[in-house]
Number of protein chains: 2
Amino acid sequence: MTRLWNEPENFADEMTDGFARANARWVRRVSGGVTRSTRAEEPTVSVVIGGGSGHYPAFGGLVGHGLAHGAAMGNLFASPSARQVESVARASEQGKGVLLSYGNYAGDVLHFTEAQDKLRADGIDCRTVTVTDDIFSAPAGEQEKRRGIAGDLTVFKAAGAAAAAGYDMDGVERAAILANDRTRTMGVAFTGCTLPGAAEPLFTVPEGRMAIGLGIHGEPGIDEVDIPSADGLAELFIERLLDSAEIPDGVSVEGARVVPILNGLGSVKNEELYVVFDRIATLLEDAGAVIVDPHVGEFCTSFDMAGVSLTLLWLDDELETLWRAPADTPAFRTGSVDTSAQVERDAIDDSVAEEVIPDASDESRRAAAVVVTALEAIVSVIDVNAEELGRIDAIAGDGDHGIGMKRGSHAALTAARSSHSNGAGAQSVLASAADEWSNRAGGTSGAIWAVILRTVGERLGNTAPVTAAAVADGLDGASTAVMDFGKAKVGDKTMVDALVPFAETLRQRVGSGDTLAVAWSAASTAAQDAADGTADMMPGMGRARSHGDKALGVADPGAVSLAMIAAAIKDVLPATSGL
Amino acid sequence: MTRLWNEPENFADEMTDGFARANARWVRRVSGGVTRSTRAEEPTVSVVIGGGSGHYPAFGGLVGHGLAHGAAMGNLFASPSARQVESVARASEQGKGVLLSYGNYAGDVLHFTEAQDKLRADGIDCRTVTVTDDIFSAPAGEQEKRRGIAGDLTVFKAAGAAAAAGYDMDGVERAAILANDRTRTMGVAFTGCTLPGAAEPLFTVPEGRMAIGLGIHGEPGIDEVDIPSADGLAELFIERLLDSAEIPDGVSVEGARVVPILNGLGSVKNEELYVVFDRIATLLEDAGAVIVDPHVGEFCTSFDMAGVSLTLLWLDDELETLWRAPADTPAFRTGSVDTSAQVERDAIDDSVAEEVIPDASDESRRAAAVVVTALEAIVSVIDVNAEELGRIDAIAGDGDHGIGMKRGSHAALTAARSSHSNGAGAQSVLASAADEWSNRAGGTSGAIWAVILRTVGERLGNTAPVTAAAVADGLDGASTAVMDFGKAKVGDKTMVDALVPFAETLRQRVGSGDTLAVAWSAASTAAQDAADGTADMMPGMGRARSHGDKALGVADPGAVSLAMIAAAIKDVLPATSGL
């Protein structure tokens, strides 16, 4: 929903003022919208676009060199008035005529046409090309009845580039018509948007459902389905847009050059769009098309509506030249300022050297098998508790502790199994587990668990006798290494609060003659008590960085997961009889 | 929330793949993230950035000429692993050393430092500058403890531009430290984001409330207040960021040159940001600062979190040169490809000629007073019913009919009053009301009401006798003009369905000798019946464009508002006794 405004009725005006003020390098405020703040060396045909506000970067964001000369910016989701269009067109006109281009909506047609009549009455050569790319707004045979959505961009770009290239009015008009004929868009939506000051969203889509064919003002779609996977959405887009009825005359998909524009309508974010794009690219290539200069991002939005559209611009040589021509506007910049050369793939070396497995004693290999068993126990206990760990982490942190521990422990187990099956000893198996835990988990906990596993491994070695004392010594070393690595001490309310008593208890009990299993059990209890205790303390520097100095009343998730893991390993340790 | 993924655990990898595929002009996928796909003519220091994913364009979107050389892209909201950082750094290194730069979070510090150790062990000159711009994450005296948020951009940009300018490693490091010392950011949030596959958002903020000082991973803020107005938020930002403790050493606000970066965290949209920016710009200027190259948009997000941050970069000459230097990356491009000249303000003529008020008869001026009264009645009835009109419009259309009618009728009344007080006759008053209705309302209904008012005015004139027949004739003409203008006929389920029977009934009843008031009453009833009837018909072409061919079971909002207005005017017509 929209949250920031002053008076709802002033929103569009204030937005336009702020937009022009922030983008003075490209645009200047005029009555009714904006015009360029720059001037080409030679006068050209002027391309004037426009429509309702709420679709940023459409329309003001597309004014600048190589694209539009002016944009009439109407009220929210309402066409600009004839006077606005006329005013912007007069400010943008350079003596070579004005091409008006906008999405095909009844209100826009009425007002732009009235403005066109007034300009023509003054002897200005004024033409109109409306954009009609939305495949679900009218049947394929009636393209002229379709509305304009994200395909606006390809038509405006073709017209703007043609004007910049010095085309006359006939030529600019022809380029815009050609681009429109070769542009198709399909959109879907998950939620509607709420206009400033409105109590209700413009429309709603049931939770978990997706509307197909929805317009950019909440016009109802043609169908509603369950939200598909990212790949499933890509497949739906491509199935519909490669339907033979939607392939423009003169285009054969096999070998065709095509620009895909994957557009977020507002609150579907780039990360999601890129996941969907990856599959779209594969599907287009599988169909034999050649992808040219793809665009992923926001090009025509509907405030914060959650929706996505895919536009395909089917190129010919002229359109490819026009599409690739430089443009420099507040929201659309293309044509590199970079003269540096493209690098061939082979020139990049991103390999990190693979480890060679060192020789190991049979005893160390047997210990390595126990390490694998212990990692299996870790994976089991973390899988069961990941959600709860995430929940307590979310109270003071970013809530990803469970996810990170799960990812790290699984990767560590896979690496340890592989290393063990290749004949590695205890140190090597722990080292490979450490590397993969850190590598897959990332984050603080991933780094710290890598330190623990690696340090224990260093004390065990690949050939030395494996004793309870060596294990206790390893954990003691890990405890010191973690404090050093993480710059944390006991009382900082981190996992150190549980690790230190664990290691100390283990060392004392092994030192006084307990078996490893008995000593571990006592150490595990100490760790659990300490972890519980982190809930009662004022947090210190360690976590204060991320949540301010508040006592939160929940245990530190790192300490909790350490205690959990200690307890889980306790249950598999009897298998190590003899230590 | 996040809706599009395949398997949540593969999200970050698939996102990075799709990102690299869509942006091959700038970046190339390597293990752990991306590196540039271009190479500068001469080797330079390499700037390697990174962090968790979910903050697009941070971090991959900032790789390219003039900015970063590589980005380590971790899992969602988790730092990249040491191996990822090392891999990206090795792929990006050019023999002149590597500057690592990233936000100051414990996990990132651990992994980047480990990678730095490995690079240094191989003889690579590797340095680190962490970003610490978030003013609410530690007190002003302890900037080194603060976390990095949207200020990442200024530090990365300074380092990248310094590298491109040929600075050596000492120089690049110094530039990055300088930029960090002179960058401050404050953030607020309205809602949290939900990670792919997660059942709950990372955090929540109560409806209508705003968290102050919230981090980009949902770390709790320092305070919570009611959501302010757009101006109020701007004032809050500036008050905090111009606090003397936050002004960097050596800077005096009066006369200082400053880059404001207003950043949307995900689902706060550009339109809102521009409204806020307008006030920020005024406040900065009022404080005596000089705004340089402002940026408004998304630079460091938190998925679709609804939040905003303001970053201020306090320039010196060197930082200004570095900030303005060209950059060309997937998501950040600056340095114009446009050689066209800036145009002086005076060179733009956007004026639309003002009308001169024609002479009018006393009789016509008295009729103009009735027009004003009628417009007052229109404003009253629309004000009361605007919400309901919006509701029925939202069923098939974009839900703005009520807002548009309100805006248009108010503007028309203001114009009519002004014109009347200047001595205008009926035609002139109606014409000025028509112009302003269209101009302020925009949209289809604005254009059509302008046609109605203007046509009636043309029949009444400014000097002709004002009779019931002239009014009826005017409405009849308006009915024809609207059908012609809107390309609609009776049965298309538009306001024409109500306007035509209204005008016909009025003409017949006046023709058979009724007074205007009596005839109008009958016509009004006919309009109401016809408006009700639009709910029962299959919609025709007129509205089919915007909602597909469905029978919707609700009346056309344009017909409803016309009937409503006809009824309201009926109640003020007795004042026109004598017609």
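Mentor: Start here. Helix α3 (residues 106-121) of chain A packs against helix α12 (residues 443-460) of chain B at an angle of about 50°, with their axes 6 Å apart. Keep in mind that the model is predicted.

Trainee: Which word describes α3(A) relative to α12(B): parallel, perpendicular or oblique?

Mentor: The angle is about 50°. Perpendicular starts at 65 degrees, and roughly parallel needs under 35. So α3(A) is, relative to α12(B), oblique.

Trainee: How do the residues of the contact of α3(A) with α12(B) divide?

Mentor: α3(A) brings A:A106, A:G107, A:L110, A:H111 and A:E114. They meet B:G443, B:T444, B:G446, B:A447, B:I448 and B:R454 in α12(B). The division is four nonpolar, two charged and five polar.

**Helices within a chain**

Trainee: At what angle do the axes of α6(A) and α7(A) cross?

Mentor: Helix α6 covers residues 230-241 of chain A. Its axis and that of α7(A) come within 8 Å. The crossing is right-handed. The angle is roughly 45°, and therefore the pair is oblique. To give the value again: roughly 45°.

Trainee: In chain B, how many residues of the contact of α2(B) with α3(B) are charged?

Mentor: The axes of α2 (residues 82-92) and α3 (residues 106-121) of chain B come within 8 Å and cross at roughly 50°. B:A82, B:V85, B:E86, B:A89 and B:R90 of α2(B) touch α3(B) residues, among them B:H111, B:E114 and B:K118. Six of the contact residues are nonpolar and one is polar. The charged ones number four.

**Cavities**

Trainee: How much space lies in the largest cavity?

Mentor: The structure holds seven cavities of 30 Å³ or more. The largest has about 860 Å³.

Trainee: Which residues of its lining are the closest to the centre of the largest cavity?

Mentor: The lining has 36 residues. Of these, 22 are nonpolar, eight polar and six charged. α7 (270-286) and β13 (295-297) of chain A, and α7 (270-286) and β13 (295-297) of chain B, each supply at least two. The closest to the centre are A:P330, A:A331, B:E298, B:P330 and B:A331.

**Backbone spots**

Trainee: Which residues does the cis peptide bond in chain A join?

Mentor: Look in the loop between β4 (46-53) and β5 (70-76) of chain A, where A:F59 sits. Omega is about 10°. The bond joins A:A58 and A:F59.

Trainee: And which residues are joined by the cis bond in chain B?

Mentor: The loop between β4 (46-53) and β5 (70-76) of chain B holds B:P57. Omega is about 10°. The pair is B:Y56 and B:P57.

Trainee: What is phi of A:K493?

Mentor: A:K493 lies in the loop between α13 (468-486) and α14 (496-511) of chain A. Its phi is positive, in a residue other than glycine. The value is near 60°.

Definitions and conventions:
Residues numbered from 1 in each chain as written. Chains lettered and ligands numbered in written order. Predicted model: local features only at pLDDT ≥ 70, side-chain atom pairs only at ≥ 80, totals over all residues. Heavy atoms only, no water. 1 Å grid on protein atoms, 1.4 Å probe; cavity = no way out; pocket = protein on both sides within 12 Å on 5 of 7 lines; lining within 4 Å. Points joined across faces, edges and corners; volume = space filled by probe spheres on them. Helix = DSSP H or I, 4+ residues; strand = E, 2+ residues; numbered from the N terminus. Nonpolar A, V, L, I, M, F, W, Y, C, P; charged D, E, K, R; others polar. Axes fitted to C-alpha atoms, helices over the stretch in contact; angles between N-to-C directions. Parallel < 35°, antiparallel > 145°, perpendicular 65-115°, else oblique. Left-handed = near helix turned anticlockwise from the far one by under 90°. Contact = heavy atoms within 4.5 Å.
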